[in-house]
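Work through the exercises below with the sequence and coordinates open. Each task is followed by a solution in steps.

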Amino acid sequence: MASCVPGADLESTEDSLHRCYDNYVIVDIGANLTNKKYSRDLDSVIQRAKDAGVQKIMVTGTSLKISREALRLTRIYPGSLYSTAGIHPHDAKSWEEGYLDELKEIAQSSECVAIGECGLDYNRNFSTIEEQREVFEKQVILACELRKPLFLHERDAHEDMLEILDKHRERLPAAVVHCFTGTVEQANHYLERGMYLGLTGYLCKDKSDNGVRKMLEDGTLPLDKLLVETDAPFMYPNTRASKLPTHVKEALTERSLTFLHRYCTFQRNEPCSLPAIVEMIAAFMKKPVEEVALATAFNALKLFGLTQ
């Protein structure tokens, strides 16, 4: 497999990615590799990802403990893993005095490339709306201070999310709405603000007439604002889903399906499933897979500075 280590210069990075088309070069911007489901074979999981073409993986931080563990993993796998640091809205209720200083200390590490996963989730409300809003805004302010991108989570809280982000619009750093599952209209609200959208295996589940698939088919989501992720071990891309169009299923290569079906399950998705997700996205967009792979990798390198 060709070596594809990006250099500090973005143009040389793009050139190096072009040389690796024999094997997709993809960046997974969100995988929960601190999850206990990977405790016994993380080395193999990361190697399989590389073999599949997933050159870099961002390990998601969702609490102080997990953010610390994510950072620790980046130091075991330098150049392959990067981390985020944040408090998930489900955990907003656990916020205590002193958390902000601890979060800031983690986030200031060079291997930590974004603030999050943070945001609002009114779908389950494991924390109260008031707790969620307060903790989210603290992290938005931290991202503004550190000038690190925001890694956002939003479920059934679109208007409140925009309200808080708009409040800090003049200082707001770049941001990605992780695992986007909303409507075309909601996507446009984020895109109008210059934000990126992260897509996952949710593509296989989307049955709406005005959601992620529609957005890709109509060209609502430009390639320069698209990022890809597995959200592993969650969001298994069920390529056998009955609602998945025939032309999308036929676009899947034997190689990507081999990684998907041999190593990934509904109970434990892995980053090596990402090539199949990219192939589906390309089929919906009616674009060459290599173009989508290159664009999303380049977007991630540029947005998060994954060039160390």
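pLDDT is the predictor's confidence in each residue, on a scale from 0 to 100. The model is predicted, and its mean pLDDT is 93, with 93% of the residues reaching 70 or more.

**Exercise 1. Confidence**

Find the stretches over which pLDDT stays under 50, and give the number of contacts beyond four places in sequence that the model has for them.

Solution. Start at residues 1-9, where pLDDT stays under 50. For this stretch the model has 21 contacts beyond four places in sequence. Then move to residues 16-21, where pLDDT also stays under 50; here the count of such contacts is 16.

**Exercise 2. The largest pocket**

Describe the largest pocket by its volume and its lining.

Solution. Begin with the volume, which is about 770 Å³. Next, take the lining: it consists of 31 residues, and R124, H153, D231, F234 and M235 lie nearest the centre of the pocket. Strands β4 (112-121) and β5 (150-155) are the elements that give two or more residues to this lining. Last, sort the lining by residue class: 10 are nonpolar, 13 polar and eight charged.

**Exercise 3. Nonpolar cores**

Identify the residues with the most contacts inside the largest nonpolar core, and list the contacts of L152.

Solution. The largest nonpolar core has 93 residues, and L33, L150, L152 and I281 have the most contacts inside it. Helix α11 (residues 274-285) supplies the largest share of this core, 10 residues. Apart from this core lies another, of 16 residues, including M58, Y196, L227 and L303. Now turn to L152: with neighbours within four places in sequence left aside, L152 contacts C118, F136, M161, L165, A175, V176, V177, H178 and M195. As background, nonpolar side chains in soluble globular proteins tend to be buried together.

**Exercise 4. Two residues**

Are T296 and Y196 buried or exposed?

Solution. The cut-off for buried is under 20% relative accessible area. T296 has a relative accessibility of 1%, so T296 counts as buried. Y196 has a relative accessible area of 6% and is therefore buried.

Next, place each residue. T296 is in helix α12 (residues 289-304), while Y196 is in strand β7 (residues 196-199).

Then list contacts, leaving aside neighbours within four places in sequence. T296 touches L226, L227 and V228. Y196 is in contact with A175, V176, V177, D224, K225, L226, L227, N299, K302 and L303.

Finally, compare sequence and space. T296 and P89 are 207 residues apart in sequence, and their C-alpha atoms are 27 Å apart. Y196 and Q186 are 10 residues apart along the chain, with 12 Å between their C-alpha atoms.

Definitions and conventions. Residues numbered from 1 in each chain as written. Predicted model: local features only at pLDDT ≥ 70, side-chain atom pairs only at ≥ 80, totals over all residues. Heavy atoms only, no water. 1 Å grid on protein atoms, 1.4 Å probe; cavity = no way out; pocket = protein on both sides within 12 Å on 5 of 7 lines; lining within 4 Å. Points joined across faces, edges and corners; volume = space filled by probe spheres on them. Helix = DSSP H or I, 4+ residues; strand = E, 2+ residues; numbered from the N terminus. Nonpolar A, V, L, I, M, F, W, Y, C, P; charged D, E, K, R; others polar. Contact = heavy atoms within 4.5 Å. Core = buried A, V, L, I, M, F, W, Y, C linked by side-chain atoms within 4.5 Å. Buried < 20%, exposed > 50% of the residue type's maximum accessible area, 1.4 Å probe, protein only.
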